[in-house]
Amino acid sequence: MQKPLNPTWNLENIFPNGSMSEEFAHFLEQLVEEITTFKQAVSKSKTPETISEAIQWSALLEQLQSISKKLRQAGAFVGCLNAQNVKDQKAKLLSGELKQISASFSTALTLLDDQILHFPDEVWQQFLQLEVNEGVTFPLNERRSKAKDKMAPQLESIANELAVDGYHAWGDFYNTVVGRMSIPFEHNGTTQQLSVGQAQNMLNSGDRNIRESLFHSYEEAWQSVADLNSTILNHMAGFRINLYKNRGWDSILKEPLEYNRMSENTLNAMWNTIEKNKGIYVSYLERKAKLLGIPKLSWYDVDAPIGNSTKKVSYDEGAEFIVEHFRKFSPRMADFAVRNFEERWIEAEDRPGKRPGGFCTSFPMSQESRIFMTFNGTASNVSTLAHELGHAYHQHVMNDLPLLAQSYAMNVAETASTFAELIVSDASVKAAKDPNERLALLEDKVNRGVAFFMNIHARFIFEKNFYAERQKGLVSVDRLNELMTQAQKSAYLDSLDQYHPYFWESKLHFYLTGVPFYNFPYTFGYLFSSGVYARALAEGAAFEQKYVDLLRDTGSMRVEDLAMKHLGADLTKAEFWQSAIDLSVADVQEFLRLTE
Ligand SMILES: [Zn+2]
């Protein structure tokens, strides 16, 4: 790998000149035209009554895939622009424009779905047998059954259009609020103004005084905008609840479960098995408190490094480390990572004005992806980087599939990412010679278990309870704080001293308008990938291809079928989940042994 690496990304080869790009403006114009043509074609066409009509009709599916590709390309670009500079006003306008465009496409899709819905069963079955539909029968059947579950197409169209200003806009507004926030941080007599992302990184400082004082000013900062964010959260939820009611859906979990192509039995089997195994994590938190020399951990201590380790790795070292460990498992994955670093597909620079958090996005027209994060040299930054590279690799191995078969849900989206994280964290624990370093790395790994089994469980519990109350009316700031604190206490088995009541504000995921409950899929992905990882360890080099096959199927089946086909596992039973948790529990046991 050529070093030094440049930690900023290159978007110029996608569209030159950022938000001022004329090429991009032109691209959007063409896209609008294409959608208009598509809309006209869809409204002129009727549900096929015979197979020969169906063959003609299938041209619409071609257009659908072409437009979807372009929309994803545009969405990824605008997403990158907004993330790299939250003050880029032109990027915000573009994002609004793109939402309008997407909404008008959704309207056409609703009409198309109505036609899919009304195919006579016999014709539909024949249609699926056609060669052109090879590889997309699953997504097509899924479209048909989803269309059956919605309101009449005219009503869905109206809902889509209203969603631009009445729903998605709330998510944008949240980003505006967060982008304007600055958190004062006093240290050594000077006060620094931190962005939310910078503060979140610094909350993992090895110095408890820093964590404690920063956490208080962090909570105060969220408190000062709580009226705005509670309004946002309440109205986003209100929109969803009303939409569901009009569709005749009775469960708030219906949308996220269907979106994730999983059953409620699977979700329950997962959480129940986790709950049975939480005891050892409480022992871990108690041990960690002892090691930090405090009676009980607080929220801001959970992710703190043990001891005063201020060991930092440079971006170059982090990259080298990831590539080296990927290579042990899969040379193809390692080469792909090198390409990401060398061709500057990653924005990792630590600077103010960037959006907090990390993500990976893909440009289907360019067959490239981009990763966004803020790298300041911690072990957890290295994990995040590996995580996002996992996402990128997942997309990479699916690039040649039909676009309709490339859509995987977020629970399996998190499988590849977490798998990549596991490779890096596990290999690094094994490679560590110094016992303190080994302990620190092991701890990082165990902490991830705490995040998936406790932190994310808290988010899930909160969201479930919040929706139950929101159904009855608006939920006040005080009540949101209460619900959040209760959820945290329940998820952490009451093992912490101070909690984070404003977590409902500081966690971006509650404000994403894609789907609600952007939490359990992470835990699913973590455990699912633990299961996959155990296979990889057992099967060695032979697993590289099997892994790719599994990833390629993620857009073509429900998760229960995916697990059965590639792992021979039944996700609705505790057994699979227990076997996956066992790997994590073994880490905790080793940690407890090493710190006896
Ligand atoms: Zn992820």
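The lining of the second largest cavity comprises three nonpolar, six polar and one charged residues. In this classification Ala, Val, Leu, Ile, Met, Phe, Trp, Tyr, Cys and Pro are nonpolar, Asp, Glu, Lys and Arg are charged, and the others, Gly among them, are polar. The model is predicted, so local features need pLDDT of at least 70 and side-chain atom pairs pLDDT 80 or more, while totals for chains, interfaces and linings use all residues. Residues are numbered from 1 along each chain as its sequence is written, and side-chain values use heavy atoms, without hydrogens or water.

A cavity is a set of points on a 1 Å grid over the protein atoms alone where a 1.4 Å probe fits but cannot get out, and its lining residues have an atom within 4 Å of a point. Points are joined across faces, edges and corners, and the volume is the space filled by probe spheres set on them. Four cavities of 30 Å³ or more are found in the whole structure.

| Cavity | Volume | Lining by class |
|---|---|---|
| Largest | about 50 Å³ | seven nonpolar, no polar, two charged residues |

Residues lining the second largest cavity include Trp 345, Ser 362, Glu 368 and His 396. Two or more lining residues come from each of S5 and helix H16 (379-398), and H16 gives the most, with three residues. Helices (H or I, at least four residues) and strands (E, at least two) are DSSP runs, numbered from the N terminus. Around the largest cavity, the lining includes Leu 233, Arg 240, Glu 463 and Phe 510; helix H10 (226-247) and helix H18 (435-470) each supply at least two of its residues.

Strand S5 also belongs to an open sheet of three strands, ordered S3-S5-S4 with mixed pairing. Strands S3 (346-347) and S4 (359-363) are at the edges with a single partner strand each, so one side of each has no neighbour in the sheet. Two strands pair if DSSP finds at least two bridges between them; S4 and S5 (residues 368-372) pair antiparallel over five bridges. Glu 368 in S5 is the bridge partner of Phe 363.

A disulfide is a pair of cysteine sulfur atoms within 2.5 Å, and the count by this rule is zero. The sulfur of Cys 80 has its closest cysteine sulfur in Cys 360, 9.1 Å away, which is too far for a bond. Cys 360 is partly exposed at 23% relative accessibility.

Definitions and conventions. Buried means under 20% relative accessible area, exposed over 50%, partly exposed in between (1.4 Å probe, protein chains only). On a 1 Å grid over the protein atoms alone, a cavity is a set of points where a 1.4 Å probe fits but cannot get out, and a pocket is an open set with protein on both sides within 12 Å along at least five of seven lines; lining residues have an atom within 4 Å of a point.
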